[in-house]
Each structure stands twice: as C-alpha cells, then as structure tokens.
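Please keep the sequence and the coordinates at hand while reading.

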Amino acid sequence: MLQIGITGGIGSGKSVVCRLFQTLGVPVYDSDARAKWVMAHNPQLRDELRATFGPETFDAQGLLNRTYLAQVAFPDPVHLARLNALVHPHVGQDFAGWAAARRTEGHTYVLKEAALLYESGAYRQLDRIITVFAPLEIRQARVLRRDPHRTPDDIQNIMGKQLSEEEKRQRANYVLLNDDQHLLIPQVLELDQAFCRLAG
Ligand SMILES: CC(C)(COP(=O)(O)OP(=O)(O)OC[C@H]1O[C@@H](n2cnc3c(N)ncnc32)[C@H](O)[C@@H]1O)[C@@H](O)C(=O)NCCC(=O)NCCS
Ligand SMILES: Nc1ncnc2c1ncn2[C@@H]1O[C@H](COP(=O)(O)OP(=O)(O)OP(=O)(O)O)[C@@H](O)[C@H]1O
C-alpha cells in the first residue's frame, strides 16, 4: 500500500482536494484534525501542554482552547517550536497505527494531509508527495472567507511559519494547481490513475 502525502500552505485547498480523493474511496488521514484529537485525548500530551503553555490551554470543560493556543504559539517561534516538538511525534505514531489498519483493509494507497509535511519531517515516511498550489492572494481571500475570526495579519503570520510555496513545489513529486484557472477533478483523476499504476 502506497502512502502519499498531500501538503500546501494555509488556504491552498488541501482539504477540498482530499474530499475529491475520498469520493474515489481513498482513505485520507487529516493531520490537523488528528493533532487536535491527540492533544485533547492523550493524557501525557495534555499534561505536557498544560505544563508548557499554562492552565488556559484547556477550558473549564477540559476542551483544548484553540484560540488561546493559536494566540500564544503562532506569533512566537520558540513557543511554536515547543508545540510542534510536543505534538508531531504523537501524530506520527497515530498515523502509523491508522495506516496499518488501512493496509489490512486492502487499499491500494492512502493520503496523509498535512500543512507541515516537510517542516515536521513526516515526508520521510511517505512514498510520494503532492503539493496543492494556489497564489497567495487567493489563499488569503479563501481563508478570510472560511475563518472570519482571522485577520489578514494572522494569516500572513501563519504563512511565515510555513515553508515557502516555491520550495514545496520544488520538492514535491506532483503539483496540483488550485488557482481558479485549472479544473481540480481531472487533476485528481490523473493522480489517482498514476498512483494505481505505481502500486502495480
Ligand atoms: C495552534 C492550534 C491549536 C490553532 O488551532 P486553529 O483551529 O486556530 O487553527 P488551525 O489548526 O485550523 O490552523 C490554521 C492554519 O495554521 C496551520 N498550522 C497549524 N499548526 C501549525 C504549525 N504548527 N505551524 C505552522 N502552521 C500551522 C494549519 O495548517 C492551518 O493552515 C492548532 O493549529 C495546532 O494545534 N497546531 C499544532 C499542531 C500542528 O502542527 N498541526 C499541523 C500539522 S500536524
Ligand atoms: N477551487 C476552489 N474554489 C472555491 N473555493 C475553494 C477552492 N479550493 C478551496 N476553496 C475554499 O477555500 C478554503 C480553503 O480551502 P481548504 O480548507 O481546502 O484549504 P487547506 O489547504 O486545507 O487549508 P488549511 O491549511 O488552512 O487547513 C475553504 O473554505 C474551501 O472551501
């Protein structure tokens, strides 16, 4: 079973592309969502997060306070590096378990969706990488529509914490254009066929 990574900067359209692959029956691992799940449910990680970022990390109901954590971590490289160092190994383990279960189900390939595939080192465990590309202005406009609580400055700041699109494009095996000029579905079908051929 092939393990394919899919990355791209904030607002590039990774989740939209993954939904198209899911309609073809391809299992998709959503690293952002799973990161939040392990942060909420792994007792050791919860303790480490609370010790590092303070009691506000979880609210009165014990739920992860994402707004607080985003405000603390995104503007400060030291805090963000700490958060990444705490969370990413758990996501790596969680993915390994998830992929093993998909393998027993007999899938040809699976996708791992993550904004930080290169930054986290996760790309090393993957057979091929797709980068979803969209120009910066389009990504910013999409995120402002999707996340009304974020300002243009917040988005710029998050973009600054991610590898440049140019570098992601250069390092990827496949680039999928989601720039309002190219149709997505034909590109997804072409990649699906390529992965099926590759898996033999
Ligand atoms: C700080 C948190 C709680 C903020 O949650 P919130 O719902 O406000 O934002 P969301 O998760 O939707 O992220 C917003 C954008 O920032 C990107 N992003 C998330 N974490 C990071 C990070 N560590 N570095 C750079 N960009 C990031 C996302 O991919 C997305 O494009 C959350 O982003 C988080 O837990 N991040 C650490 C885990 C992580 O690295 N996840 C990404 C891949 S595993
Ligand atoms: N081709 C498109 N046409 C119109 N809207 C789009 C298109 N692609 C993405 N969008 C919209 O743009 C927003 C960002 O897309 P999406 O959530 O898939 O990005 P993402 O790369 O997963 O972002 P993040 O890294 O922030 O999770 C969403 O609201 C989505 O519906």
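Strand S3 (residues 109-113) is mostly covered, with five of its five residues buried; here a residue is buried if 20 or more other C-beta atoms, placed from the backbone, lie within 10 Å of its own, exposed if 12 or fewer, and partly exposed in between. Tyr109, Leu111 and Glu113 point one way from S3, while Val110 and Lys112 point the other way, and all are buried. Helices (H or I, at least four residues) and strands (E, at least two) are DSSP runs numbered from the N terminus.

Strand S1 (residues 2-7) runs parallel to S3 and is joined to it by five bridges, and in this arrangement Ile6 stands opposite Glu113. Strand S2 (residues 28-30) also pairs with S3 in the parallel sense, over three bridges, with Tyr29 standing opposite Lys112; two strands pair if DSSP finds at least two bridges between them.

## Basis of the model

The model is predicted, so local features need pLDDT of at least 70 and side-chain atom pairs count only at pLDDT 80 or more, whereas totals for chains, interfaces and linings use all residues. Residues are numbered from 1 along each chain as its sequence is written, and chains are lettered from A and ligands numbered from 1 in the order in which they are written.

## The annotated binding site

An unreviewed UniProt entry carries the annotation "binding site" for Gly11, Ser12, Gly13, Lys14, Ser15 and Val16; the positions are given in the numbering used here, feature names are shortened, and annotations may be inferred rather than shown by experiment. Gly11 is found in the loop between S1 and helix H1 (14-23) and counts as buried because it has 26 C-beta neighbours inside 10 Å. Leaving aside neighbours within four places in sequence, Gly11 is in contact with Arg139, Gln140, Arg142 and Val143, a contact being two C-beta atoms, placed from the backbone, within 7 Å. Val16 has its place in helix H1 and counts as exposed, because it has 12 C-beta neighbours inside 10 Å.

## Surroundings of the two ligands

Ligand 1 is surrounded by 21 residues, of which the closest are Ile10, Ser31, Arg66, Ala70 and Ala115; a residue is near a molecule or strand if its C-beta atom, placed from the backbone, lies within 6 Å of it. Helix H2 (31-41), helix H4 (66-73) and helix H5 (77-104) each supply at least two residues of this shell. By class, the shell around ligand 1 divides into 14 nonpolar, three polar and four charged residues, where Ala, Val, Leu, Ile, Met, Phe, Trp, Tyr, Cys and Pro count as nonpolar, Asp, Glu, Lys and Arg as charged, and the others, Gly among them, as polar.

Around ligand 2 there are 14 residues, the closest being Gly13, Lys14, Ser15, Arg142 and Arg146. H1 and helix H6 (136-146) each supply at least two residues of that shell, and H1 gives the most, with three residues. The shell around ligand 2 has four nonpolar, six polar and four charged residues.

## The chain as a whole

The protein chain has nine helices and five strands. The radius of gyration of the chain is 17 Å, close to the 16 Å that the globule rule gives for 200 residues, so the chain is as compact as a globular protein of that length; the radius is taken over C-alpha atoms, and the rule is 2.2 Å times the number of residues to the power 0.38. Buried residues make up 27% of the 200 residues.
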